[in-house]
Structures are given as structure tokens and as C-alpha cells.
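Biologist: I am new to this structure. Please take me through how to read its features.

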Amino acid sequence: MKTTSSHGLHHLHTASLCTPYLLLVPLGLLALLLALPSLGSSHARSQGLGVLCRGAAGTDDGAGGYYSVASTGADDEKKASVAVADAETPPQPELSLLVGVLTMPSRRERRDIVRMAYALQPPPAPAGVARVDVRFVFCNVTDPVDAALVAVEARRHGDIVVLDCAENMNDGKTHAYLSSVPRLFASAPYDYVMKTDDDTYLRVAALVEELRGKPRHDVYLGYGFPVGDDPMPFMHGMGYVVSWDVARWVSTNQDILRHNDTHGPEDLLVGKWLNIGGRGKNRYDLKPRMYDLNWFMDNFRPDTIAVHMLKDNRRWAATFRYFNVTTGINLSHLP
């Protein structure tokens, strides 16, 4: 899975854990974690927003290459130099998309499955058409055991974002996510921001193809819920996309907080904010290509963009089989 990349946001390259903001870890656990071999991880902190735990050294940093410090080896002539891989500047992608997977610390096995689901997908075509980054989104991790395990996970995978909020589902987490993203990623903004769940299988190439012909401004896209004469007052919480300007508007709209309008069904509330504010006027309903998997697990579609309600391993396995993720894997022969 590609891991590229605030008010007061800064980047630090360090061998220490991505913990200062994450967590109150008991000293014993912290000492154990610090004893782990260095993976060269880096982290980016923000003031009052949360922390983005980025990938290890050698991963794409969003600037077209990775950075390493080299030495000549001569005792009296040691010189540090910064080497940039890929001397040629890569072509700019047509679009960029941040996928935020809202999850909880205890769902470690689920995150492992979701990571594999993204990592094993073919990239959008043609090559380089899109930059798509996937991040797992938490609120503050307060349990010491969860804190230690999430810290290790962040160090290993570099795809964790921790927001400054109490962990919840319908009590403001989505608002915290949408309002933090424009500041956390201010130095390298995306064209689109997606919120999705950890029980949703998203087919990235299909979504990118859908977005290529869409505007880059004032967009609200997903599984539309009709209410009365309005065909799309809000999008299903399984996954929806807003353009960067819409996310930035959410982040600066104090009326949402002033009216305490962040508590309740998150998908309905997002639609409410946009409707009141006259935002997200370019609305796109992706039904039936986004849908809930039924009880019998027999309603898959070959043109799927996202399938939701993958609440257990059996349903994930059925999804992988249908989309040929496991094709060619023979478990009966060991290397």
C-alpha cells in the first residue's frame, strides 16, 4: 500500500516511536518499544489536531523520491549528503485522493485484512494517473495496552492518523477527521478526501476512474440516500468523497461547532452541513456500484466500487474470492 504523504505542522525524521501525542504508555512498555530495531520512522505533529505517523525511511515522502544520508567512510573526510531517488521528476498525476479508514484500536486483525485488501489491488490505469494514499484514522488512544500496540503498528506501517478527540462512531469523529485533514496535509493538499469504514472493501482503480471525469471542486460523491423529493440529501456512511475545498470549508465552519451539530448519525450530519451551507453542489450517486453485502453474500457485482458490511472474516474471504484476489495462490505447496 502506497504511503506518501497545519497550522503549526512540522516533519521530524527520527528513529523514535511515533508516540508523544499518541499516548500515555507506561514506562516499562515504552522501554520495550524503544528497544525494538529502528525502522527509521518519521512523524508529523500538529498543534491541537493529532498526529500523522508516516512511513519508514525509504518510502515515498510525497516529494518524488526517498531521502537517505550517506557517508564517505573516511574518518577525516566524513561528509553527509542527501541523496534523492528518482532523479527525474515524475509526471504529475491527474488527481490525488486521500482515503481515511475510520477504525478503532481493538480492530487490529481487521486493519491487517484491509491493508492486504489495498496492497493486493492493481493500481489505477494508466500508470501514474492518480496518487492514492490510505490512512487508518483513530481518536486519542488512551488504553495503555492499545497505546503500545498502536505505536508498534504506526512504526511498522506508517499509515496511522490520530485525531484529538475521544474515540467514538457518531459523536464527532467524522467532523474531527474532515476538519483536521486540510491542516494536517496543508503542504501537499489532495484533490479529494474520502471517509470510509473498516468493513468496506473499496476498489481503488474503479473509484479513480469514476473521479477522473468529475470536477475538482464542490464535489460530494457516494451512495446517495433519497429523502422525499431530494434524491441525494446525504451519502451512506460506508464511504463518501468530498473535494478538498469542501473539506476545507468544514474545517473553518464554526457554525457546526457552535450549534453542537457533530453528535448523531455521521453520514446524515455531513449531508446536513453541506445542505445548509450550500456546499457539495456537484453530487454524484454511485448506486448500484456501492452497496451492502446481503445475508447470503450473493449480490456481488463485477463493476463494484465499494461493498460494505464485511463484519467478519467469512465475508472478507467471500469478497476476496469473488474479486479474484486469491487467484493463483496454492496453499498446498510450501516453498
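Modeller: This is a predicted model. A helix pair is a plain place to begin. Helix H6 (residues 244–252) packs on helix H8 (residues 266–277) at an angle of about 90°, and their axes are 12 Å apart.

Biologist: Which term describes how H6 and H8 are oriented to each other?

Modeller: Angles of 65 to 115 degrees count as roughly perpendicular. H6 and H8 are therefore roughly perpendicular to each other.

Biologist: Which residues make the contact of H6 and H8?

Modeller: From H6 come Val246, Trp249 and Val250, and from H8 come Trp273, Leu274 and Gly277. Sorted by class, this contact of H6 with H8 has 5 nonpolar residues, 1 polar residue and no charged ones.

Biologist: Which residues of H2 and H3 meet?

Modeller: Arg108, Arg111 and Arg115 in H2 meet Asp146, Leu149, Glu153 and His157 in H3. The residues of this contact of H2 with H3 divide into 5 charged, 1 polar and 1 nonpolar.

Biologist: How many residues has the largest nonpolar core?

Modeller: That core has 47 residues, and Val99, Leu202 and Leu207 are those with the most contacts inside it. Another core lies apart from it, with 31 residues, among them Leu98, Ala176, Phe234 and Leu274. Leu274 was also named above, in the contact of H8 with H6.

Biologist: What does leucine 202 touch?

Modeller: Leaving out residues up to four places away in sequence, leucine 202 touches Val99, Tyr118, Gln121, Met194, Leu207, Ile305 and Ala306.

Biologist: Now leucine 98: where does it lie? Does one call it buried or exposed?

Modeller: Leucine 98 lies in strand E6 (residues 95–102). A residue under 20% relative accessible area is called buried. Leucine 98 counts as buried because its relative accessibility is 2%.

Biologist: What surrounds leucine 98 by contact?

Modeller: With residues up to four places away in sequence not counted, leucine 98 touches Asp133, Arg135, Tyr177, Val181, Phe185, Tyr190, Tyr192, Val193 and Met194. Met194 is also among the residues that leucine 202 touches.

Biologist: What separates the C-alpha atoms of leucine 98 and proline 189?

Modeller: Those C-alpha atoms are separated by 9.1 Å, while leucine 98 and proline 189 are 91 residues apart along the chain.

Terms used:
Residues numbered from 1 in each chain as written. Predicted model: local features only at pLDDT ≥ 70, side-chain atom pairs only at ≥ 80, totals over all residues. Heavy atoms only, no water. Core = buried A, V, L, I, M, F, W, Y, C linked by side-chain atoms within 4.5 Å. Buried < 20%, exposed > 50% of the residue type's maximum accessible area, 1.4 Å probe, protein only. Contact = heavy atoms within 4.5 Å. Helix = DSSP H or I, 4+ residues; strand = E, 2+ residues; numbered from the N terminus. Nonpolar A, V, L, I, M, F, W, Y, C, P; charged D, E, K, R; others polar. Axes fitted to C-alpha atoms, helices over the stretch in contact; angles between N-to-C directions. Parallel < 35°, antiparallel > 145°, perpendicular 65-115°, else oblique.
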